[in-house]
Amino acid sequence: MSLQERKQRERAERERLIVTTARELAEQQGWDAVTTRRLAERIEYSQPVLYSHFSGKREIIGAVALEGAGELAVAVRAATARADGPRERAAALAHAYLDFAAANPAVYDALFQLDGGLAFAREETPEPLKDAFAALLECLGDMAGDGVEPGLFTEVFWASLHGLATLTRAGRLPREYVGPRVKLLVERLPVV
């Protein structure tokens, strides 16, 4: 291995450490606890080293969001691959999405609540975000019905799931009724 390759590998490992540490700290104590000073202390590098990877907290949030988008896409695809029929796939997608949001609140916030500097639904949208939406579209697109654009249908279903995840987490909706809510949502879907 050349010196250049080793330096690139070490840089990638440091970046991975920063993202992992930020994510762990945010999951334990919330995003307000994630500061460049605390991260530098935890990873045992100086703040200038941290800044050589990320311009600040906003970019770190974005990196956590991109990682989470990849994980969400994998979870959705795994859940829907085991389901038979369109309603069962939609229910599996909904449960996988809501489970991901509940199990990874800081990552979910990085994806959908905080400013990580990421563009959504644009040409410059990063691939992991596009892929997460594609995972939803793959499952739901053929359920849109006549005259309904599949992407728009998927956005509305996603917005419903986001509302359920956000309101449940905030305690506005009782957690014990997640199953009946998903069932009701899925039963109202047109099956083409």
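Predicted model: local features only at pLDDT ≥ 70, side-chain atom pairs only at ≥ 80, totals over all residues.

Student: How are two packed helices described?

Tutor: By the angle between their axes and the distance between the axes. Take helix 4 (residues 57-81) and helix 5 (residues 86-103). Their axes come within 8 Å and cross at roughly 145°. The crossing is right-handed.

Student: Which residues of helix 4 and helix 5 meet?

Tutor: Helix 4 brings Gly68, Glu71, Leu72, Ala75, Val76, Ala79 and Thr80. Helix 5 answers with Arg89, Ala92, Leu93, Ala96, Tyr97 and Phe100. By class, the residues of this contact are nine nonpolar, two polar and two charged.

Student: Which residues of the largest nonpolar core touch the most other members?

Tutor: Trp31, Leu93, Leu140 and Phe157, out of 49 residues. Among the helices that each supply at least two residues are helix 1 (3-29), helix 7 (127-140) and helix 9 (178-187). Helix 4 gives the most, with nine.

Student: Is phenylalanine 157 buried or exposed?

Tutor: Buried, because its relative accessibility is 3% and the cut-off is under 20%. Phenylalanine 157 sits in helix 8 (residues 150-169).

Student: What does phenylalanine 157 touch beyond four places in sequence?

Tutor: Ala90, Leu93, Ala94, Leu140, Leu185 and Leu189. Look at alanine 90: it is 67 residues away along the chain, yet the two C-alpha atoms are separated by 9.3 Å.

Technical notes. Residues numbered from 1 in each chain as written. Heavy atoms only, no water. Axes fitted to C-alpha atoms, helices over the stretch in contact; angles between N-to-C directions. Helix = DSSP H or I, 4+ residues; strand = E, 2+ residues; numbered from the N terminus. Left-handed = near helix turned anticlockwise from the far one by under 90°. Contact = heavy atoms within 4.5 Å. Nonpolar A, V, L, I, M, F, W, Y, C, P; charged D, E, K, R; others polar. Buried < 20%, exposed > 50% of the residue type's maximum accessible area, 1.4 Å probe, protein only. Core = buried A, V, L, I, M, F, W, Y, C linked by side-chain atoms within 4.5 Å.
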